[in-house]
Amino acid sequence: MEDPASTANQADFAETSSALAYPRPPEVAEFAQALIHTRQTILPRRLAGPGPSPSELQVILKAAGAAPDHHRLIPWRFVLVPATSRARLGEAFAAALAERDPSASPEQMAQAYEKAERAPLLMLAIVRITDEDAEIPPAERLVSAGCAIQNMLLMAHALGYGGALTSGKAMNSKPLRTLFDLAEHEQALCFVSIGTTIKTKPIPLRPEVSRYVSELNKH
Ligand SMILES: Cc1cc2nc3c(=O)[nH]c(=O)nc-3n(C[C@H](O)[C@H](O)[C@H](O)COP(=O)(O)O)c2cc1C
């Protein structure tokens, strides 16, 4: 059965690209494989300018919108943190640290503050855990958010940028929730950092398929 577009309005949707040729030329799968398997985390301290241009940023953000999204709820959102707002984020990180560890040293406070300065493109990924559509449980919303985030990481990688997801103890602290104006039913998932890779590292080893796949027995 087709899903109704329940929460989001039809006007919220737009065509993005034309279809790929069918049958697929083999290069398509080869390209997809190369893209997926060469993506790796490049931590924010290894990301410098330039970051994506405004038009590249739109391409990256549009990729999120291609994620599977049951009932087309758009249960996630991203808040960009431009250079002019990094100081406010740094203050929230430091306040979050002070809240959970009142004995934090000035060095630790400075480190917490400095985390907001890294990576030319920084955004917070937020998921709407519940809303009036009770049919779509939190787990499905989280899956959709993860798909949207991975789409952006892969698109950034295709454009030649490095990227990383970072979380940490400040994620759902009061200072951060207040700064990003999170509603009660929203949860901060992770920061997405994107920029030019200044230091590469070997591609990590990937798990054998047998580690995560099994077959349902008949009995
Ligand atoms: C939601 C989420 C949050 C993450 N937060 C952090 C983090 O705070 N610090 C970090 O070093 N890596 C973080 N990671 C990245 C993982 O450590 C990384 O993806 C993993 O080591 C696999 O490496 P790869 O991305 O290079 O394949 C996070 C990943 C996810 C999915």
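Predicted model: local features only at pLDDT ≥ 70, side-chain atom pairs only at ≥ 80, totals over all residues.
Biologist: How many C-beta neighbours does His71 have inside 10 Å, and what does His71 count as?

Modeller: His71 has 18 such neighbours, so it counts as partly exposed. Residues are numbered from 1 along each chain as its sequence is written.

Biologist: Where is His71 found?

Modeller: His71 sits in the loop between helix 2 and strand 2. Helices (H or I, at least four residues) and strands (E, at least two) are DSSP runs, numbered from the N terminus. Look at the backbone too. His71 is not a glycine, yet its phi is positive, about 70°. Arg72 lies in the loop between helix 2 and strand 2 as well. Its phi is also positive, about 45°, and Arg72 is not a glycine. Arg72 is partly exposed because 19 other C-beta atoms lie within 10 Å.

Biologist: Which residues is Asp69 in contact with, leaving aside its neighbours within four places in sequence?

Modeller: Two residues are in contact if their C-beta atoms, placed from the backbone, lie within 7 Å. By that rule, Asp69 contacts Ile74 and Ser144. Asp69 is placed in the loop between helix 2 and strand 2. It has 23 C-beta neighbours inside 10 Å, so it counts as buried.

Biologist: Now the whole chain. How many helices and strands are there?

Modeller: The protein chain has 6 helices and 5 strands. Read from the N terminus, their order is α-β-α-β-α-α-β-α-β-α-β. Of the 219 residues, 25% are buried. Contacts can also be read by sequence separation. Of those between residues at least 6 apart in sequence, 83% join residues at least 24 apart.

Biologist: Which strands pair with strand 3?

Modeller: Two strands pair if DSSP finds at least two bridges between them. Strand 2 (residues 76-80) runs antiparallel to strand 3, joined by 5 bridges. Within that pairing, Val79 has Leu124 as its bridge partner. Strand 3 also pairs with strand 5, in the antiparallel sense, over 8 bridges. Here Met123 is partnered by Val192, and Ile126 stands opposite Ala188.

Biologist: Which other strands pair with strand 5?

Modeller: Strand 4 is joined to strand 5 by 5 bridges and runs antiparallel to it. Strand 1 (residues 47-48) pairs with strand 5 in the antiparallel sense over 2 bridges. Strand 5 is largely enclosed by the rest of the structure, because 9 of its 12 residues are buried.

Biologist: Which residues lie on each side of strand 3?

Modeller: In a regular strand the side chains alternate between the two faces of the sheet. Leu121, Met123, Ala125 and Val127 are on one side of strand 3, and Leu122, Leu124, Ile126 and Arg128 are on the other. Both faces are covered, as these residues are all buried.

Biologist: How many residues has the largest nonpolar core?

Modeller: In soluble globular proteins, nonpolar side chains tend to be buried together. A nonpolar core is a set of buried Ala, Val, Leu, Ile, Met, Phe, Trp, Tyr and Cys residues joined through C-beta atoms within 7 Å. The largest here has 28 residues, and Ala125 and Met152 have the most contacts inside it. Helix 2 (54-64), strand 3 (121-128), helix 5 (138-158) and strand 5 each give two or more residues to this core. Apart from it lies another core, of 10 residues, including Phe93 and Leu179.

Biologist: Which residues are around the ligand?

Modeller: A residue is near a molecule if its C-beta atom, placed from the backbone, lies within 6 Å of it. The residues around the ligand are Gln40, Thr41, Leu43, Leu165, Thr166, Ser167, Gly168, Leu189, Cys190 and Pro204. Strand 4 (162-166) and strand 5 (186-197) each supply at least two of the shell residues.

Technical notes. Buried ≥ 20, exposed ≤ 12 C-beta atoms within 10 Å, placed from the backbone.
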